[in-house]
Amino acid sequence: MTLHLYDTYSRSLRPFEPIAPGQAGLYACGPTVYDYAHIGNLRTYLFVDGLRRALEFNGLQVRHVMNITDVGHLTSDADCGDDKIEARSRRSGESAWDIAAAFTRAFEDDLRQLNILPPSVWCRATDHIAEQIAFIGDLEAKGYTYRTDDGIYFDTTRQDDYGKLARLKRDGLQAGKRVELGEKRDICDFALWKFSGVPGQRQMEWDSPWGLGFPGWHIECSAMAEKHLGAYFDIHCGGEDHVAVHHSNEIAQTQARHGTRLANFWLHGAFLKTQDAKMSKSSGDFLRLQSLLEQGVDPLAYRYLCLGAHYRSSLNFTDDALRAASSGLARLRSTVHGLGDEHGEADPAWLDRFAEQINDDLNFPRALAVAWDLLKSDLPDAMKKATMARFDAALGLGLLAWQPVQVEVPQPVQAWMAQRAIARAQRQWAEADRLRTLARAAGYDIDDTPQGQQARPL
Ligand code: AMP
Ligand code: ZN
């Protein structure tokens with residue numbers, strides 16, 4: 001089966017045919033660096049990484065571009081709130097530039113911990129001001145802009161198919177429903193350039209043909225995607241919340257400038273939720289990867305957890321699910337480790353079974369199940385190992401590099417493990433759970449692996 005991807009623009013599963021043979025251009029909207037990324041944001045970057053790895057699994061050379069939004073993302077989608085980074089600077093007293101740099105580093109570190117491949121190109125909005133000004137100038141020359149007291153706006157009423165990506169029905173929209181009207185003539189219009197306002201209030205501002213100010217959030221992605229991938233490239237992706245406003249606006253801008261919809265495919269990942277509520281940075285109530293690490297969770301256990309849900313289904317985060325993922329990963333690692341050192345040939349039939357799943361709109365949950373089936377099969381170990389190495393290039397779990405850590409398990413925990421082995425053999429599950437709880441209270445979790453129980457410090 002060739003790679004099929006669900007394209008939000010056409011609301012259909014389409015075969016992926018690269019624009020240039022053998023290559024794929026991929027743009028993923030990056031983080032707004034006014035705070036740490038939360039594990040919900042990271043779910044989206046894991047989805048993008050899975051997409052990139054699936055493209056590479058299919059032999060394509062991927063040019064992966066990710067932006068860093070370090071200016072212009074306002075606290076309200078109405079284009080009238082405060083700039084998120086400047087607002088944090090006012091609260092904390094640090095410079096806006098230092099805040100952006102520090103949270104960019106923290107984000108890169110999160111990606112490393114999750115085994116997410118670094119993009120081919122990182123691009124910062126503040127490094128592309130000239131490109132954004134040129135873009136807006138072009139839109140102005142074509143008659144797509146108007147000026148208000150606080151900025152230059154894009155006139156969406158010039159486009160009959162504005163909002164097609166989101167299946168937007170303009171007639172039903174009222175101020176306050178989608179975004180506030182603010183200075184705009186139409187509820188869907190959006191800021192391309194905002195004026196600085198009170199002199200000396202902003203740290204990030206630039207001269208432009210329209211006055212001192214800063215770019216809007218949407219223009220940065222159209223301008224940077226075009227610079228690094230061209231005005232029509234293969235795939236643009238992000239979280240599902242981008243469909244209605246950010247991506248609709250990116251398309252509108254590029255449509256106006258070049259007559260293209262920017263990308264051939266538009267892919268969107270569903271949200272991570274906690275207790276069925278959306279996890280969001282602006283609410284301030286969120287979990288970081290670092291918080292999981294502090295609880296003794298391996299970051300790749302979070303990757304394993306995300307692999308278990310399809311990227312278009314929302315995922316409810318619970319401690320139990322994370323614990324199950326930790327022990328699933330531990331079992332997978334030790335099983336692969338137990339295959340020995342000999343490296344044979346990858347088995348083509350198993351590779352096909354795996355490819356069939358990831359090529360079906362990145363069905364990683366089923367691809368992971370194929371990996372487990374392979375390990376349970378009677379294929380010789382050396383072939384299993386070589387085949388798993390190929391699978392893992394797509395799964396990104398670092399399975400072949402993993403080495404067991406020799407831990408000095410304290411005597412009481414060893415005794416509970418011995419009792420637990422007996423309880424399990426007698427199918428006394430409640431007793432086995434009780435002993436595991438005792439071990440946890442003493443700082444060790446117990447994983448049940450094909451080689452028996454293994455204690456892991458929490
Ligand atoms: P931001 O840094 O807020 O611009 O968001 C970075 C990325 O994370 C975007 O692609 C968002 O769509 C995505 N995102 C935000 N919240 C969540 C969530 N709870 N689950 C999954 N992705 C999210
Ligand atoms: Zn974007």
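Student: How many salt bridges does a search of the whole structure find?
Tutor: This is a predicted model, so local features need pLDDT of at least 70, side-chain atom pairs count only at pLDDT 80 or more, and totals for chains, interfaces and linings use all residues. Side-chain values use heavy atoms, with hydrogens and water left out, residues are numbered from 1 along each chain as its sequence is written, and chains are lettered from A and ligands numbered from 1 in the order in which they are written. A salt bridge here is a side-chain nitrogen of Lys or Arg within 4 Å of a carboxyl oxygen of Asp or Glu. Searching the whole structure that way gives 26.

Student: Which residue forms a salt bridge with Asp49?
Tutor: Asp49 sits in helix H1, and its partner is in helix H8 (residues 299-307), 254 residues apart, so to speak a link between distant parts of the chain; helices (H or I, at least four residues) and strands (E, at least two) are DSSP runs, numbered from the N terminus. The closest N and O atoms of the pair are 2.7 Å apart. The partner is Arg303.

Student: Where do Arg323 and Asp320 lie?
Tutor: Their side chains meet in a salt bridge at 3.1 Å, N to O. Arg323 is partly exposed at 36%, while Asp320 counts as exposed at 53%. They are three residues apart, about one turn of the helix, and both lie in helix H9 (residues 319-337).

Student: What about Arg456: which residue does it form a salt bridge with?
Tutor: Arg456 lies in strand E16 (residues 452-457) and its partner in strand E15 (residues 444-449), so the pair ties together parts eleven residues apart in sequence. The closest N and O atoms are 3.5 Å apart. Arg456 also belongs to a network of salt bridges that includes Arg436, Arg440 and Asp447. The partner, buried at 4% relative accessibility, is Asp445.

Student: On to the metal. Which residues are the protein donors of the zinc ion (ligand 2)?
Tutor: Donors are N, O and S atoms within 2.8 Å of the metal (3.2 Å for Na, K and Ca), and water is not among the atoms, so sites may look incomplete. The donor residues are spaced C-x191-C-x24-H in sequence. The donor atoms, two SG and one NE2, lie 2.0 to 2.2 Å from the zinc ion and belong to Cys29, Cys221 and His246.

Student: Where in the chain are Cys221 and His246?
Tutor: Cys221 is buried at 0% relative accessibility, and His246 is buried at 1%. The two are 25 residues apart and link distant parts of the chain. Cys221 is in helix H5 (residues 217-229) and His246 in helix H6.

Student: How many disulfides does the count come to?
Tutor: A disulfide is a covalent bond between the sulfur atoms of two cysteines. The rule asks for a pair of cysteine sulfur atoms within 2.5 Å. Take Cys306, buried at 9%: the nearest cysteine sulfur, that of Cys237, is 15 Å away. The count comes to zero.

Student: How many bridges join strand E10 to E11?
Tutor: E10 covers residues 232-239 and runs parallel to E11. One bridge partner pair is Tyr232 with Leu262 in E11. The number of bridges is seven.

Methods:
Two strands pair if DSSP finds at least two bridges between them. Buried means under 20% relative accessible area, exposed over 50%, partly exposed in between (1.4 Å probe, protein chains only).
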